[in-house]
Amino acid sequence: MFETKILKPGQGSHATREQLASTVDEGLTLKKKCLPSWLIFDNTGSEIFKKITELAEYLPAACEFEIIRNHKDDIAKLINIDTFNLIELGSGDGCKTRILIEHFLNKKLNFHYFPIDISNGAVTNLVRSLENDHPDTSLKVTGLAGDYFEGLKAITQDDSKQNLVLFLGVTLNNMNSESAKSFLTSLRESLGPKDYLLTGFDLMKNPKLLYSAYNNVLFEEFNLHLLDRLNQELGANFNKKYFVQQGQYNPITRAVESYLYSTRDQTVHIKALNKDFHYRAWEAMQTEQSFKFTLDEMESLAAENGFEVVEHLFDSRKYFVDSVWRVAH
Ligand SMILES: C[S@@+](CC[C@H](N)C(=O)[O-])C[C@H]1O[C@@H](n2cnc3c(N)ncnc32)[C@H](O)[C@@H]1O
């Protein structure tokens, strides 16, 4: 069974024009202009991000692929109920999860896969490609296009099944402590005592390695795509030619911060807001942040938000960890 359901509007490609407009207005009126990275993730943004994850220098993806490949059996061992839900928050193209799906199918496990993503295109493509690859299996897939928690609400109402929730990639790294707290609180409230969360964290490493991961042609294209989206959806008149991207590790905030720099003095009009925004030459607008964790910081984050760490799954260089958590009792 393969199906896709569209949930209520939320963020990303599902945001209503009003939600987009008010987020952009808020971010561009700040003294230091700053827009949230979810704005980049419409269908095209998700496609560019998929290409980034295939770059050798983008270590988070390379390391997490290695973890999933090497620890798929450890992950399967978390399942102790006959039928379970494999729920993926922000599935994107589901590339890493496909390794687990193959493994679970080979082990004849009985599960229902629910990829949830605000990118409608990403969910639809993922469901379609799983259907093509597995036409004659017992695999059940319900793609949910919408916000994480709208999706979770739709699935976890039936608490008879065990849920293995995947939150792969670096999305928790991208959240500031307030957003991470609110995300983890909502997640904890959606999970039962037999459920597990497998969540990815990019760990602190040599800043030179961090630099090359966040400074390449594709990363620049990804960040600049934000301007395309504002032009298309809000009638803005950004000219991408007059912006460049750079990411750097900031030891004070302990995050890699990505900025679009205006290469000249310019004024941009946004029709949907009926407003002009001025950029001074070389003014920076932040478009992304990725906090880098030590293991201790990550374990404190779990404890402070009502989770207990069950185990850590590392890549061979310990650059990244997929950590298995459950709700603390
Ligand atoms: C950094 S990508 C990670 C993709 C994939 N999990 C991976 O590891 O490559 C984050 C994904 O989360 C999705 N996303 C971001 N905010 C979301 C939200 N509030 N609800 C659902 N999906 C969201 C984006 O569309 C994107 O596909």
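These legends accompany several close-up views of the structure shown above.

This is a predicted model, in which local features need pLDDT of at least 70, side-chain atom pairs count only at pLDDT 80 or more, and totals for chains, interfaces and linings use all residues. Residue numbers start from 1 along each chain as its sequence is written.

**View 1. The shell around the ligand.** Here we look at the 23 residues around the ligand, of which Phe41, Gly90, Gly92, Leu168 and Gly169 come nearest (a residue is near a molecule if its C-beta atom, placed from the backbone, lies within 6 Å of it). By class, the shell holds 9 nonpolar, 11 polar and 3 charged residues; Ala, Val, Leu, Ile, Met, Phe, Trp, Tyr, Cys and Pro count as nonpolar, Asp, Glu, Lys and Arg as charged, and the others, Gly among them, as polar. At least two shell residues come from each of α2 (43–52) and β3 (110–117). Helices (H or I, at least four residues) and strands (E, at least two) are DSSP runs, numbered from the N terminus.

**View 2. Helix α1 meets helix α10.** The axes of α1 (residues 17–29) and α10 (residues 217–234) come within 11 Å and cross at roughly 130°. Axes are lines fitted to C-alpha atoms, for helices over the stretch in contact, with angles from 0 to 180 degrees between N-to-C directions. Arg17, Leu20, Ala21 and Val24 of α1 make the contact with Leu230, Glu233 and Leu234 of α10, where contact is defined by C-beta atoms, placed from the backbone, within 7 Å. These residues divide into 5 nonpolar, no polar and 2 charged.

**View 3. The open sheet of 8 strands.** Follow the order β1-β4-β3-β2-β5-β6-β13-β12, with mixed pairing; two strands pair if DSSP finds at least two bridges between them. β1 (2–6) and β12 (307–314) stand at the edges with a single partner strand each, so one side of each is left without a neighbour in the sheet. β12 and β13 (residues 320–327) pair in the antiparallel sense over 7 bridges, and Val309 has Trp325 in β13 as its bridge partner. Helix α3 (residues 59–76) packs on this sheet, touching β6 (196–202), β12 and β13, and its direction makes about 50° with that of β13.

**View 4. The open sheet of 3 strands.** This sheet has the order β7-β8-β11, with antiparallel pairing. Its edge strands, β7 (243–250) and β11 (284–291), each pair on one side only. Ala255 stands opposite Phe291 in β11. Helix α10 returns in this view, lying across β7, β8 and β11 at about 120° to β7.

Definitions and conventions
Two residues are in contact if their C-beta atoms, placed from the backbone, lie within 7 Å.
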